[in-house]
Amino acid sequence: MKLSLRLPPHYHLRSVILSHGWSALEPFRVMPRRDGLSVAIRMSTGKPVVLLCTQTGRRLQIKAEGTDAVTEGEREEIRGMVAAMFRTDENLDGLYAWARRKKRLSWILAVGAGRILRAPTAFEDTVKMICTTNCSWSLTTLMVGRLTNSLGTAIGDRHTFPSAADMANQTERFYRREIKAGYRSPYLLELARRVAYGDLHIERVRNGELAEQEKIDLFANIMGVGPYALGNLLRLHSVYDRYAHDSWITAEYAKRYHDGRKVSERTIERRYEAFSPYQGLIYWLDMTKPWYRKKHDFDSDFTS
DNA sequence: GCGTCCAGGTCTACC
DNA sequence: GGTAGACCTGGACGC
């Protein structure tokens, strides 16, 4: 089954793939030469499917594999999920206005950067974000890989990411012993149970019904989500004026602008605050600019 | 081979 | 409100 989506001006799928490390985490897989991304998803009917996504001109081409028949309703669901993941509907006019105004930001418009790749659901994004805290990137990939392969739905040689219900049925011991999530284990279990039991309607951040402060309140009240994870999750949900400092990005900033000398977070924020309300996103793009230039193998882009 | 450090932090108790 | 200490894992590094 094939379908396609119309893309807005300045859209470059490759830049979405490079936007952060998500494309290197299961169940995403980067296609050869980084010109496409495949992802295993499970539709609301429970049917798993692998989507191969590539760009041809101003259209995003989607090929669904692993399923015989796809209903019209499922086609619409796939279109909606792909649009949400690849940010095809995201309005970045304000960001691009800054890129036109400031010469050092002009590259953003040239490569169509700024659309940050998301998982199919806010739940999956939040689980993965908790798995990035206080550990190396390699450990994040291991934890997410174990979650996907042990609890997700199999399709061919791949698995979808587990649903909240799949994760809620496990024990803290499982997350410690099998996933090796350490102290994050109770956080993952609590999040899954709150979502599965209907205590936390996390997908509301995706449907446009929440104001910025409501998105902040929703994520900030999840155990395991501190300032770093909050800033990153908000960036995934169109709130671009928040900073997400971590040891990697502050070191990168020090290297770039202060000869490697560490500076306070406040000093960094002062440099970008003029770009309101895109200061958090522009900080991220400024630090990750080299990723968009690299020619070497994809795996090395997100390892440090 | 072994010990130590620390990485894309967060929470809690205490002051 | 600010801060110290505890918390899991695994890879890098020095010895």
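## Domains and ground rules

Chain A is divided into domain 1 (2–90), domain 2 (122–235) and domain 3 (247–301), with bounds that come from an automatic or database domain assignment. Taken over C-alpha atoms, the centres of domain 2 and domain 3 are 26 Å apart.

A quick word on how to read this: the model is predicted, local features need pLDDT of at least 70, side-chain atom pairs count only at pLDDT 80 or more, and totals for chains, interfaces and linings use all residues. Residues are numbered from 1 along each chain as its sequence is written, chains are lettered from A and ligands numbered from 1 in the order in which they are written, and side-chain values use heavy atoms, leaving out hydrogens and water.

## Helices H5 and H9

Let's start with a helix pair. The axes of helix H5 (residues 122–130) and helix H9 (residues 185–196) come within 10 Å and cross at roughly 170°, which makes H5 roughly antiparallel to H9 (angles over 145 degrees count as such). The axes are lines fitted to C-alpha atoms over the stretch in contact, and angles run from 0 to 180 degrees between N-to-C directions. Helices here are DSSP runs of H or I with at least four residues, strands are runs of E with at least two, and both are numbered from the N terminus.

On the H5 side, the contact (heavy atoms within 4.5 Å) is made by Phe123, Thr126, Val127 and Ile130, and H9 brings Tyr187, Leu188, Leu191, Ala192 and Val195. By class, this contact has eight nonpolar, one polar and no charged residues; Ala, Val, Leu, Ile, Met, Phe, Trp, Tyr, Cys and Pro count as nonpolar, Asp, Glu, Lys and Arg as charged, and the others, Gly among them, as polar.

## The second largest pocket

H5 turns up again here. The second largest pocket holds about 360 Å³ of space, and among its 21 lining residues Arg42, Thr121, Phe161, Pro162 and Ser163 lie nearest its centre. A pocket is an open set of points on a 1 Å grid over the protein atoms alone, where a 1.4 Å probe fits, with protein on both sides within 12 Å along at least five of seven lines; lining residues have an atom within 4 Å of a point.

Strand E3 (36–42), helix H2 (72–86) and H5 each give two or more residues to this lining. E3 provides the largest share, three residues. Domain 1 and domain 2 each supply at least three lining residues.

## Backbone details

The peptide bond from Glu26 to Pro27 is cis, with omega near 5°.

Conventions:
Angles under 35 degrees count as roughly parallel, over 145 as roughly antiparallel, 65 to 115 as roughly perpendicular and the rest as oblique. Grid points are joined across faces, edges and corners, and a volume is the space filled by probe spheres set on the points.
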